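Hi there,

Here is the structure I promised to pass on to you. Have a look at it first, and then read on for what I found.

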Amino acid sequence: MTDPFPPEVVAQVARHMNDDHADDNVLIVRGLGGIPSATAARMSGLDRDAMEFAAVVDGIEVPVRVPFSERLTDRGQVRSEAVRMYREACAALGVTPSH
């Protein structure tokens, strides 16, 4: 089976998440990643099982891995998982989703 997330795909997804959804990254890390004190977060990677972030806590960057709800088999699933993660993080934090 071909890896659905070769480095170029991971880079494209990370660029989109970091450029267009930087605030969502922070909410995901706070609400689902177990780092409620994160002040910033950038997506740093992903694989079939999780999205990875570099979160900033007290001025120090720490790695955070947030699992998907299921193992992903194609790139098209990443968007729906990112939306799910964002919405679940908002619910966990008591924040109204903005999109």
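Below are my notes, going from the whole chain down to single residues.

Please keep in mind that this is a predicted model. The chain holds three helices and three strands, and from the N terminus on the elements run α-α-β-β-β-α. Along its principal axes, the C-alpha trace spans about 40 × 25 × 20 Å. The radius of gyration is 13 Å, which agrees with the value near 13 Å that a compact globule of 99 residues would have. Buried residues make up 39% of the chain. Of the contacts with a separation of 6 or more, 42% join residues 24 or more positions apart. The accessible surface comes to about 5,600 Å², and carbon and sulfur atoms account for 52% of that.

Now to the interior. In soluble globular proteins, nonpolar side chains tend to be buried together. Here the largest nonpolar core has 29 residues, and those with the most contacts inside it are V29, M43, M51 and F53. Two or more residues each come from α1, α2, β1, β2, β3 and α3, with α3 giving the most, at six.

An α-helix has 3.6 residues a turn, so residues three or four places apart point the same way. Just after the helix, G94 takes a positive phi of about 75 degrees.

Q77 counts as buried because its relative accessible area is 19%, under the 20% cut-off. A polar atom of the Q77 side chain lies 2.9 Å from the backbone nitrogen of D74. Beyond its neighbours within four places in sequence, Q77 is in contact with E70 and L72.

Setting aside residues up to four places away in sequence, V57 touches I35, S37, A38 and V62. V57 and P36 are 21 residues apart in sequence, and their C-alpha atoms are 9.1 Å apart in space.

The other one is D58, in the loop between β2 and β3. Is D58 buried or exposed? D58 counts as exposed because its relative accessibility is 72%, over the 50% cut-off. Most residues other than glycine have a negative phi. D58, however, has a positive phi of about 55 degrees although it is not a glycine.

How values were computed. Residues numbered from 1 in each chain as written. Predicted model: local features only at pLDDT ≥ 70, side-chain atom pairs only at ≥ 80, totals over all residues. Heavy atoms only, no water. Helix = DSSP H or I, 4+ residues; strand = E, 2+ residues; numbered from the N terminus. Buried < 20%, exposed > 50% of the residue type's maximum accessible area, 1.4 Å probe, protein only. Core = buried A, V, L, I, M, F, W, Y, C linked by side-chain atoms within 4.5 Å. Contact = heavy atoms within 4.5 Å. Polar contact = N/O pair within 3.5 Å; in protein donor to acceptor, adjacent residues only side chain to side chain. Rg over C-alpha atoms; globule rule 2.2 N^0.38 Å. Areas by Shrake-Rupley, 256 points an atom, 1.4 Å probe, with all protein chains shown as cover.
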